[in-house]
Amino acid sequence: MNLVAAEKVKKMSASIFQEVANRKLEAIKKGKDVIDLSVGSPDFSPPQFVIDTLIDYAGDPSKYGYTLTGIPEFNNAVGYFYQQRYGVELNSDTEVLQLMGSQDGLAHLATAIINPGDYVLVPNPGYPIYEASVNIAGGIIYPMPLLAENNFQPMLAEIPTEILEKTKMMIISYPGNPVTALADQAFFEKVVAFAKQHDILVVHDFAYSELIFDENPQLSFMSVPGAKEVGIEFNSLSKTFNMAGCRIGYVVGNEQAIDILSSFKSHIDYGIFYPIQMAAVKALTSDFSFLQTQVKEYEHRRDVLISGLEKSGWQVPKSPATMFVWARIPTGWKSRDFAFELIDQAGVAVIPGDVFGDLGEGYVRIAMVQPPERLSQAAKRIQDFLLEFALKNYLSK
Ligand SMILES: Cc1ncc(COP(=O)(O)O)c(C=O)c1O
C-alpha cells in the first residue's frame with residue numbers, strides 16, 4: 001500500500017519541536033549536557049491542594065465514567081475566576097465551555113465555523129495551531145504581520161476591503177506566544193469596533209493571562225464593552241496552575257460561538273476525567289496567592305536570563321509577560337541554523353522563530369522552563385558560543 005497524507009495534512013509543516021527534540025537527544029548521546037528551553041511545558045508543580053483533590057477523587061471508583069461535558073461546578077468556577085481576576089461577569093451555563101486544553105478548542109473552532117473559501121485573519125508570527133486549524137477547515141489565511149514598530153499589533157486599517165468581505169474570523173493573542181507583547185484597552189476597543197463593522201468573530205487566546213510582569217494590568221478581551229457580542233476568549237489551567245498534562249482549559253464569551261463549538265465537540269470527545277475537573281475547580285476557586293508567587297518567580301527568571309544574555313552582548317527586550325523570551329538573533333544567522341548550532345555547540349535548546357510564520361525568521365523563542373541557575377548557565381554558554389563565532393568570523397576574514 002502506498003498511503004499518502006490528505007492534502008490538508010500535507011500543508012501542515014513537520015513538527016519542528018520533534019526535530020529539536022531529536023537534535024537534543026543526539027547531543028545528549030554524544031555526552032553533552034543540554035539545557036532544554038524549547039517546549040513551553042511548565043517545570044513548576046501545581047499547588048499541593050490541587051494534587052490532593054485529584055488524588056481524593058481518583059480514589060473513588062464511581063468517578064471513572066464518561067463526563068461528556070464540563071460539570072456545573074467547573075463552569076461556575078470559571079465564572080468565579082473571571083469575575084475575581086478580570087472583573088468579567090459570565091453566564092456559566094451559556095458563556096463557558098470546557099475544553100481538553102485550549103488547544104482542543106483552537107484546533108476545532110475553525111472546522112466548526114469556517115466554510116471553504118472563508119478568510120481568517122491570523123497573526124504572523126503566531127502560535128502554529130491558528131494557521132493549521134484554518135487549513136484543516138479549508139479556510140484561507142490572511143496573515144496579519146506583528147511588527148515591533150507597531151507594538152506587535154496588526155494594522156487593521158491596511159487589510160483590503162475585498163478580503164474583509166470574505167472574512168469570518170480573526171485570531172489575536174495578548175500576551176501571546178511567541179510574541180509576548182500586551183494589548184491595551186484602546187487596541188481591544190478598536191478590535192471590537194472593527195469586528196462589528198465587518199461582522200467578524202474575534203478569537204482571543206489568553207493562555208498566558210496569569211503570567212503578566214511588572215505590575216502590568218491583566219486585560220481580558222472580555223472586559224471590553226461589546227466584546228461578548230463579537231468575541232470569545234480561550235484560557236487554560238496549563239500554564240496558570242501548571243496542569244499542562246491534565247489537558248483542561250475552557251473558552252468563554254459569545255453564546256452563539258460557544259454553542260456551535262459545543263455541539264461540534266459533542267461528536268468528537270466525551271469529556272474530561274471527573275477528578276481532573278474537580279482539581280481544576282479547586283484551583284480556580286483558590287485564594288490566588290499561588291498565582292502571585294508564581295508570577296514573581298517567572299519575572300525573576302526573565303531578569304536572570306535577559307541580564308545574562310546582555311553580558312554576551314546580545315540585547316534582548318524584556319518580555320512583559322508569558323514564559324517566553326522572543327529574541328532577535330545576531331545578524332548573519334538564519335533562525336534554524338542558529339537554533340541547531342546552539343544545541344550542538346552550546347548545549348542549549350531553543351525554538352527557531354520561523355516555525356511561527358515567515359516573519360519569525362531572524363528570531364528564536366526561549367522558554368523559561370528551568371530554574372534561574374540553569375538559565376544563567378544557559379546565558380553563559382550562549383555568551384561563549386557567540387564569542388567563538390565572532391572570533392572564527394574575524395579569523396576567516
Ligand atoms: C498561545 C498558546 N495558546 C494555547 C496553548 C495550548 O495550551 P493548552 O492546550 O495546554 O491549554 C499554548 C500552549 O503552549 C499556547 O502557547
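In which sense do E5 and strand E6 (residues 201–205) pair, and over how many bridges? The pairing is parallel, over 4 bridges. This is a predicted model, in which local features need pLDDT of at least 70, side-chain atom pairs count only at pLDDT 80 or more, and totals for chains, interfaces and linings use all residues. Residues are numbered from 1 along each chain as its sequence is written, and side-chain values use heavy atoms, with hydrogens and water left out.

**Stop 1**

Select residues 167–172, strand E5. Helices (H or I, at least four residues) and strands (E, at least two) are DSSP runs, numbered from the N terminus. Of the 6 residues of E5, 5 are buried, where buried means under 20% relative accessible area, exposed over 50% and partly exposed in between (1.4 Å probe, protein chains only). Two strands pair if DSSP finds at least two bridges between them. Leu121 has Met170 in E5 as its bridge partner. Then show E6, where Leu201 is the bridge partner of Met169.

**Stop 2: the largest cavity**

Next select Pro123, Pro125, Gly126, Tyr127, Tyr130, Leu146, Ser173, Gly176, Asn177, Pro178 and Val179, which line the largest cavity. On a 1 Å grid over the protein atoms alone, a cavity is a set of points where a 1.4 Å probe fits but cannot get out; a pocket is an open set with protein on both sides within 12 Å along at least five of seven lines; lining residues have an atom within 4 Å of a point. The structure holds 1 cavity of 30 Å³ or more, and the largest has about 60 Å³ of space. Grid points are joined across faces, edges and corners, and a volume is the space filled by probe spheres set on the points. The cavity lining has 7 nonpolar, 4 polar and no charged residues. Here Ala, Val, Leu, Ile, Met, Phe, Trp, Tyr, Cys and Pro count as nonpolar, Asp, Glu, Lys and Arg as charged, and the others, Gly among them, as polar.

**Stop 3: the largest pocket**

The largest pocket has a volume of about 1,000 Å³. H6 (128–137) is among the elements that supply at least two lining residues each, and H6 gives the largest share, 6 residues. By class, the lining divides into 21 nonpolar, 15 polar and 10 charged residues.

**Stop 4: the open sheet**

Now select E9, E12 and E11, an open antiparallel sheet of 3 strands in the order E9-E12-E11. E9 and E11 (351–352) stand at the edges, each with a single partner strand, so one side of each has no neighbour in the sheet. E9 and E12 pair over 5 bridges, and Trp326 stands opposite Arg365 in E12.

**Stop 5**

Select 289–311 for helix H12. Its 23 residues should span 33 Å at 1.5 Å a residue, and the end C-alpha atoms are 34 Å apart, which agrees; the expected span is 1.5 Å times one less than the number of residues. Buried residues of H12 include Tyr298, Arg301 and Arg302. After H12 comes Gly313, with a positive phi near 85°.

Finish with H13, residues 335–346. Its buried residues include Phe338, Phe340 and Ile343. Just after H13, Gly347 has a positive phi of about 70°.
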